[in-house]
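Try each task before reading its solution.

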Amino acid sequence: MDAGIREVLQKFFPGEEIVSVGPHGSGHINHTFAVETAGGQKYILQKINTEIFKDVEGLMENVVNVTDYLRRQIAKEGGNPERGTMRAIPTVDGKYYYKDAEGGCWRIYMLIDNVISLDQAENEEALYASGLAFGRFQAQLADYPAQTLHETIPDFHNTPKRYQAFEKAVEEDCCHRAASAAEEIAFIRMRKAETEILTDLLKKGELPLRLTHNDTKLNNVLLDPKTYEAVCIVDFDTIMPGLTAYDFGDAIRFGANTAVEDEPDTSRVSLSLSLYRAYVKGFMEGCGERLTPKEIETLPVGAKTITLEQGIRFLTDYLQGDTYYQTSREGQNLDRCRTQLALVADMERKWEQMRV
Ligand code: ADP
Ligand code: GN1
Ligand code: MG
């Protein structure tokens with residue numbers, strides 16, 4: 001075991017014998033490890049990405065307060081709070097993260113066991129279940145005091161600002177990559193006006209701000225491997241006030257795509273209407289009567305806007321030299337961008353059928 005990781009674990013479990021530590025999951029932001037102790041207890045150890053999350057104190061305060069609140073809600077509903085949400089473990093000093101000598105920030109969660117985390121939907125059940133889980137999540141947090149939350153990434157789903165950052169990256173072209181993405185740049189520019197639809201509706205007061213998860217991709221919902229029922233939603237780093245359409249849309253972008261997010265062959269990319277409808281059904285059931293008619297009407301806009309936004313974000317990172325998302329091969333962010341744009345194009349073809 002890496003000496004640094006051993007030192008970190010000592011801050012959480014002094015004297016405990018650790019039998020294994022290994023990389024876990026396929027998140028693009030933090031470094032995630034599964035840890036097992038000699039007593040058979042399993043944990044998730046994460047090195048938080050402090051380039052992206054500047055206020056770890058505030059971030060962990062959000063996580064601890066929201067998970068405490070959810071535990072109470074889940075217990076009230078007769079569920080099992082220890083499997084139904086994450087539990088962060090404090091250090092011996094009672095803090096929910098440990099800062100090492102180099103400034104690296106580490107946290108530990110109980111590991112939720114006997115679950116799967118999918119990078120691509122295997123069936124409609126998975127989409128229905130994750131829709132239901134995210135709909136319920138929003139309902140469970142409906143009365144949470146949203147003003148007490150720290151904004152962990154300002155303007156996270158402000159699509160017009162994402163567009164501006166993209167134009168700046170094209171103009172600067174610091175890595176001389178813009179020429180290799182000329183088609184993608186043109187595709188995005190043609191849809192500039194669409195980046196503003198939802199934020200304009202919010203400004204006009206036609207859409208309400210809710211407490212949203214903001215990173216609703218399928219691999220952030222742990223599922224039962226046999227029934228595909230949702231067990232637990234994870235990745236609370238971006239819980240902030242936001243629009244329902246974005247939470248809905250991000251789940252569609254990832255889970256109703258017939259290809260993986262970084263598929264190099266874009267002919268494999270399409271929106272599966274059956275997966276889409278399965279998610280709609282689950283999400284609507286989970287939200288109950290809460291959604292306004294305008295929120296329901298704009299769910300498909302959310303799917304298209306966030307897919308475009310994600311294409312913009314991947315392309316911006318490619319143009320800036322792959323500094324934000326973790327990559328494992330050259331050109332991966334450009335491939336990720338291309339899958340998003342191919343999906344946007346397919347949503348345009350299927351627009352009438354996407355109506356909710
Ligand atoms: P990132 O921000 O890098 O995506 P996540 O917090 O989403 O990091 O963690 C990465 C992956 O690890 C998740 O997609 C999920 O599969 C798994 N994971 C995270 N937390 C837990 C947990 N408490 N129990 C089991 N698996 C987890
Ligand atoms: C990141 O952390 P992860 O891998 O669950 C990103 C999301 C993107 C997603 C694209 C904090 O999610 O916004 O939609 O990658 N998270 C952050 O796969 O930027
Ligand atoms: Mg994640």
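**Exercise 1.** How far is an oxygen atom of ligand 2 from an N or O atom in the side chain of Lys 217?

*Solution.* Start with the ground rules: this is a predicted model, where local features need pLDDT of at least 70, side-chain atom pairs count only at pLDDT 80 or more, and totals for chains, interfaces and linings use all residues. Residues are numbered from 1 along each chain as its sequence is written, chains are lettered from A and ligands numbered from 1 in the order in which they are written, and side-chain values use heavy atoms, with hydrogens and water left out.

Now look at Lys 217: the separation between its side-chain N or O atom and an oxygen of ligand 2 is 2.7 Å. Next, go to Asp 215, where the corresponding distance is 2.9 Å. Finally, Asp 235 also has a side-chain N or O atom 2.9 Å from an oxygen of ligand 2.

**Exercise 2.** Find which helix gives the most residues to the shell around ligand 2.

*Solution.* Begin with the elements that give two or more residues to this shell: α8 (244–255) and α11 (299–319). Helices here are DSSP runs of H or I with at least four residues, strands are runs of E with at least two, and both are numbered from the N terminus. Then count: α11 gives the most, with three residues.

**Exercise 3.** Decide whether Asn 220, Asp 235 and Val 8 are buried or partly exposed.

*Solution.* Apply the cut-offs: buried is under 20% relative accessible area, exposed is over 50%, and partly exposed is in between (1.4 Å probe, protein chains only). Asn 220 has 6%, so this residue is buried. Asp 235 has 23% and is therefore partly exposed. Val 8, in helix α1 (residues 3–12), is buried because its relative accessibility is 1%.

Definitions and conventions:
Polar contact = N/O pair within 3.5 Å; in protein donor to acceptor, adjacent residues only side chain to side chain.
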